[in-house]
Amino acid sequence: MAIVILQLGCSTNANEKNKFECVMRKVFSDVDLNNVDYLVIIPSQGCGGCISAAENYYMENKKNKKLKFVFTNIISMKTLKQKIDIDIHSVYLDKENIFLTAYPIEKQIYPVVIKLRNQKIDGVYYQSPESEAFKKIRNSTL
Amino acid sequence: MKIKYLNPLLVFTSSMLFICCTEKIENENPIHEYARTDEFQLEKSDSIKFPLDSITSDVTTASQYNDDMETYSFLSQNNTICSYNYNDKKLIYKVDLHKIDGGIEFLIKNNDTIYVYNGKPHSISLINYRGNVKKRFYIKSDIKSFPSPLTGVAPMLLRGDNIIISGSLYGETLNDNENDRKVSYIFNMKSNKTVSTVPYSSLYYSHNWGSGLLRWVYSTESPKGNFMIFSFPADHFIYENRIGDNKLIAHYAGSRFIDKIPSFNRSKATFFKMDEATKYFAESNSYANILYDKYNKVYYRIAEQKAKYNGMPGWKKEISIIILNTNFQIIGETFIGKLHGTNNYSLFINKHGLHLQSDKTDENFMFFYVYKLTKK
């Protein structure tokens, strides 16, 4: 049954939340997600200001065990390593762009904050010029 | 005025406003056959590579070939200018730009005279190859809207005490006009005065081009010395401009691979979402760099063919290169295909030919294909 649900979630017709749930399950185990409140996905290419905001958020919070960070659509591993100090405990480098497949196509240029509750996705929030997900986390309004 | 007349009047005036600002233009390519011959082509003759160190990637946003020094330099993603000897492909030096908080574009005159433009704040730093700052100029705009380059696709030019900087103006505004928004300015290093110059071509003031990438400004110097050439992405024409003058002299330079470049069918007053803008640009034909090849006395203009947008990784436009003689007659066009994502910032010309950044994905080298101009 669990496999069926997982497969349904991964199908192209699944809703956004299910798609993110599906790829999250492919990459992280329950142990990985234990006590994690937010999963932050940061593409390397797209909305420059939004990505800078996400990278700054990562630099400020990389030691926070309630957060996990995924870097996706990585254009240059060398540049990424130069820009951010990669913390192996909190970072997943999505070299295969698995997380990107869960995005709606038009949103792939934005970082996304996934709110977790009991290891399940509770909400999906984009950091874009119209919506400031990181500000909301800081103000605890997500 | 009676209420019964007021409503239709309001509807009429608001409809007029809507129509005037949302009118879409197809912008078809006139394909001036009479102005086009097919005598010349670009032929791939060689490939070269510059080795990169462990912290430098093959991604850049500005570069320069210095003919006198025979060096190729590019701006790396870690705030350094990496300068290579072209002949042996060895790294000569890295200029650390951290002292001036990084840079967006640069111009190397010699090892002791390097100009670096920084957009925050608008400043030009004069440094040497050790990164020591000799002087810093802070630039103030003389008009309402000021171009701020994000990359080096419109290279800085030095003319005596003047530095000429060109850049794009993002966003669509209803009151766009040639006096308030200019794409170039001349900064005099002695008087610290700025003179804004060069408007967008008229197409840009009347229609919506998606706020961003179709508003990029590409330029090059002209062999005439006191002229520059501008290429605007949505325009089939290129423009000659006498430095310091606002007049644009149009020359047809359209691609045979491009049928039309329709504007976005929306009012300039509507906020453009970045995701919509990216899709619109990817699925539109466009023009990019204009370069002058002084060895062959020709211009090269890059034409980018529309792609299918299926999300961020993967969409890349195929390009062709239009070849024009110094009388602006098209004398050939060569289809190239897909290149590296930063080719528009890294490409250069020297006596060996036109160097285009290859799409090889090996971060240990910067690869280039070398194209030579040949007669068919």
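The conversation below concerns a predicted model with chains A and B.

Student: Before we start, what are the ground rules for this predicted model?
Tutor: Residues are numbered from 1 along each chain as its sequence is written, and chains are lettered from A, with ligands numbered from 1, in the order in which they are written. As the model is predicted, local features need pLDDT of at least 70 and side-chain atom pairs count only at pLDDT 80 or more, while totals for chains, interfaces and linings use all residues.

Student: How many helices and strands does chain A have?
Tutor: Chain A has 6 helices and 5 strands. Helices (H or I, at least four residues) and strands (E, at least two) are DSSP runs, numbered from the N terminus. From that end, the elements of chain A follow the order α-α-α-β-α-β-α-β-β-β-α.

Student: And what percentage of chain A is buried?
Tutor: Of its 142 residues, 33% count as buried. A residue is buried if 20 or more other C-beta atoms, placed from the backbone, lie within 10 Å of its own, exposed if 12 or fewer, and partly exposed in between.

Student: Take A:Ala54. Where is it found?
Tutor: A:Ala54 belongs to helix 4 (residues 48-61) of chain A.

Student: Why does A:Ala54 count as buried?
Tutor: A:Ala54 counts as buried because it has 24 C-beta neighbours inside 10 Å.

Student: Which residues does A:Ala54 touch?
Tutor: Not counting residues up to four places away in sequence, A:Ala54 touches A:Val40, A:Ile42, A:Pro111, A:Gln127 and A:Phe134. Contact here requires that the C-beta atoms of two residues, placed from the backbone, lie within 7 Å. A:Phe134 is 80 residues from A:Ala54 in sequence, and their C-alpha atoms are 7.4 Å apart in space.

Student: Now the interface. How many residues does each chain give to the contact?
Tutor: Chain A gives 20 residues and chain B gives 15 residues. On the side of chain A, the largest share, 4 residues, comes from helix 5 (residues 77-83).

Student: What is the make-up of that side of chain A by class?
Tutor: The side of chain A that touches chain B has 8 nonpolar, 9 polar and 3 charged residues. Ala, Val, Leu, Ile, Met, Phe, Trp, Tyr, Cys and Pro count as nonpolar, Asp, Glu, Lys and Arg as charged, and the others, Gly among them, as polar.

Student: On to chain B. What is its secondary structure?
Tutor: Chain B comprises 4 helices and 24 strands. Buried residues make up 42% of its 376 residues. Its C-alpha trace spans about 80 × 50 × 40 Å along the principal axes.

Student: How many bridges join strand 14 to strand 15 of chain B?
Tutor: There are 4 bridges between strand 14 and strand 15 (residues 227-231) of chain B, which run antiparallel. B:Ser219 stands opposite B:Phe230 in strand 15 of chain B.

Key:
Pairing = 2+ DSSP bridges.
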